[in-house]
Amino acid sequence: MTLAIVYTRASSGIEAPLVTVEAHLSNGMAGFHIVGLPAAAVKESRDRVRSAIVNSKFEFPIKHITINLAPADLPKEGGRFDLPIALGILAASGQIPMQAIATHEFTGELALSGELRAVRGILPVVLAVQQTERILVVPDENGQEAALVETARVRTASHLLEVCAYLQGRQTLAPCKVKHTAPHETNLPLLGDIKGQQHAKRALEIAAAGRHSLLLVGPPGTGKTMLATRLPAILPKLDEAQALEVAAIASISSSGFDPQDWRRMPFRAPHHSSSSVALVGGGRPPRPGEISLAHHGVLFLDELPEFNRIVLESLREPLESGHITISRAAFQTVFPAQFQFIAAMNPCPCGYAGSATSRCNCSRDQVKRYLSKLSGPLLDRIDMQVEVASLPESIWQQLAEADTGEDETEAKRISVLAARARQLQRQQCCNALLKASGTTTHCQLTREAKLLLKQIMQKLLFSARVHHRIMKVARTIADLENSAVVTDTHIAEAVTYRALDRMKLLA
Ligand SMILES: Nc1ncnc2c1ncn2[C@@H]1O[C@H](COP(=O)(O)OP(=O)(O)OP(=O)(O)O)[C@@H](O)[C@H]1O
Ligand SMILES: [Mg+2]
């Protein structure tokens, strides 16, 4: 036999498309060529494969060797093709049997000694192979990650020799052991740590219930960052499918997936010096950015106006669509990015505008310029803007005296869960994700509510987009109360969550 076919997987976004490795040995001048859009690391595979085969006491055929990675137009990156290429050569030269290879897929980088090294992004591969009848063979080090898919048929090996002995029927390969670590919800920070700030805590509950984006505005040290970090504790927990998607994205990221993070809700808080690529993803090969690492979780941008404006603008598309498309000349990669957006900022450059405890030194112009750092289209995409006020010393004392040590996190999480269930039953999505037509259909306003909203719109000169945001937030407030209709009380409360719009009007 001089032609062998081995199945493996490439990496494209969070997909793992099938790659057929064809190994052909022919007479003629001895040589070793890899074709089919291989990147530099794949071309280097020739040297690794040759040494691994020789050091495993197999014979490296002195023939004209052609390796074709099909489909040819799919970019191939990394050392993951080493093992399938080596097996292709060994099968084509008759040193291992062909039959068993057809029922398996292989992935793994080879050391010169023939040992198998872990590859990045194993979870998407496992999920893709699960859709087929084939068995996947992965390096030992990838076993724990592969085991997250409980139903997958995966075998692990630590050396090329082990894989060959397995294919020759001389030894078995161990299935990977399911070793789920406990979910980490238990050590999430709790709401009870935050004293006072009832208005902001209520806003956090509403944001969690309707999956609304939220901007916290207030002087330094009022607890904005504390509030944001408490959001995961009151959100519904990840289900198995969501947890797998989160793990798959982490698996292809530059830092990889840590099994300790299994089922932990993503909470990403990139620094304001982050670049567009760090935030939305990119590079070569394309890697997911912070917005995709926050998929099914929370993206928190602290000190929002300090972010580069172009970086912030790149958030507009994913905020709307729930995914990001990274286009390169030859190909496109799509990463999911359904995150809940939360941001924090000071009301002015010195931070103390409107503070009850300190004087603000900023001129009106300075405040205006500071607030205008955030573009209208971005602010338009934020459902709730909440003022987090500074607390005078006397109030701190009262709060400390009245503190019973009770924590409201679990109670709030339960009411969030109930409100979410109502939304899903009514419209199959969270209120924040309602489109314009859905908002009109599902946010039924009473006569008084309609009248109040009309008056507010006229008085505060809100845009049509803000009109819809208020209706959606009011719908969530009604859902928290299990009310079928949206009343004027719900509208009145929803309007209180437009703090920045009011500040802009006053500035
Ligand atoms: N409401 C509060 N209850 C308890 N502690 C608080 C509260 N507000 C602030 N603190 C204390 O102040 C510290 C700073 O809070 P935090 O970082 O959340 O403020 P911030 O509003 O984000 O400030 P900045 O604008 O400077 O980022 C916290 O670590 C906490 O110790
Ligand atoms: Mg802060």
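**Close-up 1: the end of helix α22 and what follows.** Helices here are DSSP runs of H or I with at least four residues, numbered from the N terminus. This is a predicted model, so local features need pLDDT of at least 70 and side-chain atom pairs count only at pLDDT 80 or more, while totals for chains, interfaces and linings use all residues. Residues are numbered from 1 along each chain as its sequence is written, and side-chain values use heavy atoms, leaving out hydrogens and water.

Close-up 2: Of its 17 residues, 13 are buried, so the helix is mostly covered (buried means under 20% relative accessible area, exposed over 50%, partly exposed in between, with a 1.4 Å probe and protein chains only). The end C-alpha atoms of α22 lie 25 Å apart, which agrees with the 24 Å that its 17 residues should span (1.5 Å times one less than the number of residues).

**Close-up 3: helices α5 and α11 packed together.** Residues 122–130 form α5 and residues 240–252 form α11; their axes are 7 Å apart, at an angle of about 130 degrees. That makes the pair oblique (under 35 degrees is roughly parallel, over 145 roughly antiparallel, 65 to 115 roughly perpendicular, the rest oblique). Axes are lines fitted to C-alpha atoms over the stretch in contact, with angles from 0 to 180 degrees between N-to-C directions. I122, L123, P124 and L127 of α5 meet L244, A247, A248, S251 and I252 of α11 (contact means heavy atoms within 4.5 Å).

Definitions and conventions: Chains lettered and ligands numbered in written order. Helix = DSSP H or I, 4+ residues; strand = E, 2+ residues; numbered from the N terminus.
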